[in-house]
Number of protein chains: 2
Amino acid sequence: MARYTIGVDFGTESGRAVLVDVADGRPVATAVHPYANGVIDARLPLADREVRLPPDWALQDPDDYLEVFRRAIPAVLRQGGVDPADVIGVGIDFTACTMLPVRADGTPLCDLPEFRASPHAWVKLWKHHAAQPEADRINAVARATSQPWLDRYGGRISSEWFFAKSLQILDEAPELYAAADRLIEAADWVVWRLTGVESRNACTAGYKAMWSKRDGFPDASYFGALDPRLAGVIDQKMSRDILGMGQRAGGISAEAAAWTGLLPGTAVAVANVDAHVATPAATVIDEGRMVMIMGTSTCHVVLSRGEHAVPGMCGYVEDGVIPGFFGYEAGQSCVGDHFSWFVEHAVPGAYESEARARGMDLHVFLQEKAARLRPGESGLLALDWWNGNRSVLVDAELGGLLIGATLATTPEEIYRTLVEATAFGTRVIIETFEAHGVPIREIVACGGLAEKSPLIMQIYADVTGRPFKLSASDQTPALGSAMFGAVAAGAGAGGYGTIEDAARAMARLKDHGYEPIPENVAVYDELYREYVRLHDYFGRGENDVMKTLRRLRGEAAGNRSSATSVAAGEAPEPSAVEA
Amino acid sequence: MARYTIGVDFGTESGRAVLVDVADGRPVATAVHPYANGVIDARLPLADREVRLPPDWALQDPDDYLEVFRRAIPAVLRQGGVDPADVIGVGIDFTACTMLPVRADGTPLCDLPEFRASPHAWVKLWKHHAAQPEADRINAVARATSQPWLDRYGGRISSEWFFAKSLQILDEAPELYAAADRLIEAADWVVWRLTGVESRNACTAGYKAMWSKRDGFPDASYFGALDPRLAGVIDQKMSRDILGMGQRAGGISAEAAAWTGLLPGTAVAVANVDAHVATPAATVIDEGRMVMIMGTSTCHVVLSRGEHAVPGMCGYVEDGVIPGFFGYEAGQSCVGDHFSWFVEHAVPGAYESEARARGMDLHVFLQEKAARLRPGESGLLALDWWNGNRSVLVDAELGGLLIGATLATTPEEIYRTLVEATAFGTRVIIETFEAHGVPIREIVACGGLAEKSPLIMQIYADVTGRPFKLSASDQTPALGSAMFGAVAAGAGAGGYGTIEDAARAMARLKDHGYEPIPENVAVYDELYREYVRLHDYFGRGENDVMKTLRRLRGEAAGNRSSATSVAAGEAPEPSAVEA
């Protein structure tokens, strides 16, 4: 008798449910539900008033997540013609750190009328980049007090992470911080909504909240040094009970059963993170092979039996991906987003018309043109920092750079250059890992970009000088979540006892991969040296022009706000800064 | 009785004739004739075969210039209803250095069937940038032999100039060099066509061919050191008889009278250069006020009674603009071209549609949006080197740079940034002049950009911290040519004895100008410091990445050509390299 699990992957713009066969990982049905409010980065989605957001903010609406359960799970059951009794488990994965303040019963603060117009009451999406001052404080205090955990995170905590975002709430909206009974990853929050039971997972705790299996969270004295009101944050608003990957968080609650059509009590795995959950689904359950989940951003995961402090990485967590390994994570915050920015803001109408006439997506059209270029032929080089740099510089305040443009420069040349820049960024990460004891001989890519663009994959193989394989699944994170659902259900219920067992049965690679082409590698080696020089010059403090530009931008925007208010003779506009 | 003169201004894409009243400079009629073959930078305009041009080439068809005489002069006579007997003189100005090889009778080599398919037989336009190796040799030999004239040109000779272009012909097409009886500026060539008499003007000789009133041309030993075959170039293919500005080159020939409808013998002034001829037409006939002729590129001219070696400028020539002054010239090779590149290659279809719906030119549309931004608000900074840097770095191999981009960066922000970058480039020029004894307290702008864009002018005033006035004429170079035509005719014929007299009668400013706005100046001062730092880092040899990129681009293009030939099993494609 066939058994099934469901993996639900919460992305940046939508959530996706995949129903898979436990025996072989075969996808039976898939449903995608786009978030109604998407990424909220300009103004809150309120009908009755205008609340604008400052630069660098990125929020989400937690109700959009629940809609994914309500829509996509029934859809896959229906499409698959599967009896809910044959679904043995559910797993979810999420972007991270994506977090929100909630009441003790799990109600998001933004769902309360009194806080609905307060930006800090909403979900802070992973790419919310407005907590850099808080991240700077977190790092400065950690260095000053020689916190032992700092090395696990490459020596720098990102503004994207849990305590930077939490501290920003405290700094800018202390009444909201006080009103929040719980501060929680959205990943854990949706599992709570499914099961009725609050749980916390080791992956987000480890990678985003400075927790480790051996040492737990940082001390209260450290948090108190950041702000006295933060000293008790773990015990007051979080939990020290952290569940390992593949554990059962609980069973589907009666309420969630009504939403989803699943049977009450169906096993729900502890929450996971999109990149990390994809690792075993991409067949990576041992050392030496790096997984890259390539989408709007790229996440890199590599396993090692040993513990190595690698500077500038997102971090490593013992048992954070696969029990028994240290899971190392790195990231590039601007990949698919980068190409989309270009397509939306910088491609001339003539190209759009031609692509439309040929019935082609504009990305595909540009890639066709870009594929005719040879390495080096554009005469261009870029730093892929349109959304800051996550690894290895860990600095959200860096900006993008394009160099070498001429009056003959074409859109496809720039497009290819942006692709190459992200590949150089990947190479910096690989070389930094290897220089610190974590070898990488091959890459397994998954995600939309890897699926859709042979050009991009070949450039990555040529730039890194390493073979790129592709995960066979076109929904690798969702497959991984389904696999962890099977582990949560356990072997006795028709699932698996370990994630390795699940991977051997359910995960595979595509037949076709990408090998480096030696003559391209030679040109990219030379371009890479130039990339590294610019990377270090602008990224490591020798010339801080990017930060100066960012400060001037902020001052100009500030002058505009105050000038507007004065001109209108009114109180300052509502803004996210409420303190 | 009214007297008239005609000024003919030969631009990059078209020629323009203006008929003006000698008494007050009032324009009576204007006619523009676009060059049929425009700028030839991809392939020669041949019906019977394909001759592709390498990167950086820019040619023109000399017959296009003669068509301007045949079309535009009759048109202004007709439009103005003016009796040709009342036209006392003609002056012309041209882009420079724009040069060609011709036979002893003035026939361009490209008009001879045996040379028609040879790129080196055509006119090399000012922005032909493929002679950098020759310019490098010219500079190296000049330094090695301590040539006294080198300081007059800021210490560097540009690849755009006369001997770099001539030497490229010799290097790459020696048989064409041998076949050329004369090497001549297009400016002088069109005067030759008008008068039947070959003449050479002091302006192009001085600014583009290292000639000076005191020392003449460099010695034969210097030319011989560049290449023994070049030793006799002045006496063999040029002339030492250089005529001063405002002199009479000759009278309209019978042949030219038939083309133009002018009377034979009508005075024709010695040829002039667009920027230089505009100076008195913009009311600048003394020290302290700089003229900027803003079009596809910008030319800067400032006068001084004294002789000052200013590093990195295009050069200074005694009596080269106005007799009695040293005329200092600087240049920016990428201004209007810069904005046009952006509009053609990087503005999304949605903007094009909206501009079209509103019946607006896309530049005007972008400027409207860009005008809503405050200084610094884009968070961007650019180096305006899409077409190299003419002053003060004198390096055509530099490339453009854009820094600070984010995923929120908009087209209008980039557009504004490119405008600001050109204004920073102007400020570098002004500050370099002032640091070396040539003060500039005010700028008079003319040309299409100055006419059409209050935003651009205000940014220039704010960035430079100096008032910008506008020449009243919207065809300042053509007016200047007409003024020199009146001087060539002389006071006795109803013209003027000196160009100063002509300027006082015929030239004026617009009532409206642009004053620097102090709060904008403060922000731009800070951005300018960052600009200068990047300018010096990338432009003065500390990081030569732009040159590395250019070299790799050339190598990739070279690999492509050879690969194509091999693949086709044929002889290599025709190319401009004929040696």
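Modeller: We start with the elements. Helices (H or I, at least four residues) and strands (E, at least two) are DSSP runs, numbered from the N terminus. By that numbering, A:V392 is found in the loop between β18 and β19 of chain A.

Modeller: Two ground rules come next. This is a predicted model, in which local features need pLDDT of at least 70 and side-chain atom pairs count only at pLDDT 80 or more, while totals for chains, interfaces and linings use all residues. Residues are numbered from 1 along each chain as its sequence is written, chains are lettered from A and ligands numbered from 1 in the order in which they are written, and side-chain values use heavy atoms, without hydrogens and water.

Colleague: What makes β18(A) and β19(A) a pair?

Modeller: Two strands pair if DSSP finds at least two bridges between them. Three bridges join β18(A) to β19 (residues 400-405) of chain A, so the pair meets the rule. The two run antiparallel. A:L381 stands opposite A:I403 in β19(A).

Colleague: Which strands of the open sheet are called edge strands?

Modeller: The sheet has four strands in the order β18(A)-β19(A)-β19(B)-β18(B), with antiparallel pairing. β18 (381-383) of chain A and β18 (381-383) of chain B are the edges, since each pairs on one side only. The twist averages 10 degrees from one strand to the next. Angles run from 0 to 180 degrees between N-to-C directions, and axes are lines fitted to C-alpha atoms, for helices over the stretch in contact.

Colleague: Which helix of chain A lies across β18 and β19 of chain A?

Modeller: α14 (residues 411-435) does, running at about 55 degrees to β18(A). From chain B, α19 (residues 518-539) lies across β19 of chain A together with β18 and β19 (400-405) of chain B. α19(B) runs at about 35 degrees to β18(B). Contact here means heavy atoms within 4.5 Å.

Colleague: What makes β2(B) and β3(B) a hairpin?

Modeller: Seven bridges join β2 (residues 14-21) to β3 (residues 27-34) in chain B, and they run antiparallel. Five residues lie between the two strands. In the turn, B:G25 has a positive phi of about 80 degrees. B:S14 stands opposite B:P34 in β3(B).

Colleague: Why is A:M210 worth a flag?

Modeller: A:M210 has a positive phi of about 60 degrees although it is not a glycine. Most residues other than glycine have a negative phi. A:M210 sits in the loop between α6 (202-208) and α7 (220-226) of chain A. B:T283 also has a positive phi, near 75 degrees, and is not glycine. B:T283 is in the loop between α10 (274-281) and β14 (288-294) of chain B.

Colleague: Is A:M210 buried or exposed?

Modeller: Buried means under 20% relative accessible area, exposed over 50%, partly exposed in between (1.4 Å probe, protein chains only). A:M210 has 1%, so it is buried.

Colleague: How do you know that the end C-alpha atoms of α2(B) fit its 13 residues?

Modeller: The expected span of a helix is 1.5 Å times one less than its number of residues. For α2 (residues 132-144) of chain B that gives 18 Å, and its end C-alpha atoms are 18 Å apart, so the two agree. Its buried residues include B:Q132, B:I138 and B:A142. What covers them includes α3 (162-172) and α7 (220-226) of chain B. Just after α2(B), B:S146 takes a positive phi of about 50 degrees.

Colleague: What rotation superposes chain B on chain A?

Modeller: A rotation of 180 degrees, with 0.0 Å of shift along its axis and an RMSD of 0.1 Å. That is the relation of a two-fold axis. Copies are superposed by least squares on the C-alpha atoms of residues with pLDDT of at least 70 in both. In chain B, B:G349 comes closest to the axis, at 1.9 Å (C-alpha).
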